[in-house]
Amino acid sequence: DTRPWQQILGAQQPIPSRNIQKVVFFGAGGPVAAVAYQELASSYRLRITDVIPIGEITSYNGRQSREAPLPQLLPEPHEHSVVDVTNPLQVDEACKGMEAIVNCTVVRPDLEKAFRVNTIGAYNVVKAAVHHNIRRVVHTGPMLMGMDSESGDRFEYDTPGNVPPRPGRNLYGHTKYLGQEICKTFAYYYGLEIPALYYCQFLNADSDTRNHCFSITWEDSARAIRRA
């Protein structure tokens with residue numbers, strides 16, 4: 001078969017688009033989702049989920065970094081629930097009745113947990129999306145062009161914008177890359193729309209921290225997720 005692989009995998013009966021009013025967030029206790037769901041709260045009905053209750057994260061001041069924002073509880077009609085993204089039944093239940101998904105889950109240093117959350121978690125999310133006919137899934141992850149200095153593209157030059165991802169030996173990047181490939185395959189096969197936002201460094205607008213040339217403020221990230 002000499003057809004392009006996109007055509008071979010292409011959906012025969014793609015999931016149709018629909019008006020988006022209800023959105024579920026996974027990994028909402030982290031700072032990226034915390035700012036994003038507050039940005040969306042005035043326009044959508046949200047289901048906020050994390051493996052730890054949102055109120056508990058806020059009460060013990062569980063910041064990811066010194067300048068990272070904390071999640072806040074939202075009033076009704078928004079919902080809050082505890083969901084482990086590695087549990088397919090919990091993920092499926094959280095997606096019931098929703099029209100879009102935002103996946104901000106991540107684990108970085110632990111080998112088993114990183115694979116279960118970053119890779120298997122992504123699979124559970126897109127599988128639930130298909131089950132509930134949700135076409136729009138916003139996926140998040142790291143910029144993969146510069147993850148590993150020896151086997152990645154960190155010290156290359158004249159690198160084109162369409163260079164293939166090279167997570168190298170970086171555990172975080174590699175497990176997220178596998179999750180992205182799963183999302184890509186589901187997108188082609190089921191006609192899903194999965195915008196993937198790749199990040200490098202987050203900053204407050206008034207931050208004096210040394211920053212990377214591809215940094216972004218938390219607020220601009222939230223607006224990007226709204227657009228996605």
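The model is predicted. Its largest nonpolar core holds 25 residues, and the members touching the most others are Phe-25, Ala-28, Tyr-37, Leu-46, Ile-48, Val-102 and Ile-225. At least two residues of this core come from each of strand 1 (22-26), helix 2 (31-40), strand 2 (45-50), strand 4 (100-103), strand 6 (196-199) and helix 7 (218-227).

**Nonpolar cores**
- Beyond its neighbours within four places in sequence, Tyr-37 contacts Phe-25, Ala-28, Leu-46, Ile-48, Ile-54, Pro-71, Gln-72 and Leu-74.
- A separate second core comprises 24 residues, among them Ala-94, Cys-95, Ile-101 and Phe-186.

- An open sheet is built from six strands with parallel pairing, in the order 3-2-1-4-5-6.
- Strand 3 (79-82) and strand 6 are the edge strands, each pairing on one side only.
- On average, neighbouring strands of the sheet are turned by 15 degrees against each other, direction ignored.
- Strand 1 and strand 4 run parallel and are joined by four bridges.
- Opposite Val-24 stands Ile-101 of strand 4, and Ile-101 also belongs to the second core.

**Helices on the sheet**
- Helix 2 lies across strand 1, strand 2 and strand 6, and runs at about 170 degrees to strand 1.
- Helix 6 (residues 171-190) packs on the sheet and touches strand 5 (136-142) and strand 6.
- The direction of helix 6 makes about 160 degrees with that of strand 5.

Terms used: Residues are numbered from 1 along each chain as its sequence is written. This is a predicted model: local features need pLDDT of at least 70, side-chain atom pairs count only at pLDDT 80 or more; totals for chains, interfaces and linings use all residues. Side-chain values use heavy atoms; hydrogens and water are left out. A nonpolar core is a set of buried Ala, Val, Leu, Ile, Met, Phe, Trp, Tyr and Cys residues joined through side-chain atoms within 4.5 Å. Buried means under 20% relative accessible area, exposed over 50%, partly exposed in between (1.4 Å probe, protein chains only). Contact means heavy atoms within 4.5 Å. Two strands pair if DSSP finds at least two bridges between them. Axes are lines fitted to C-alpha atoms, for helices over the stretch in contact, and angles run from 0 to 180 degrees between N-to-C directions.
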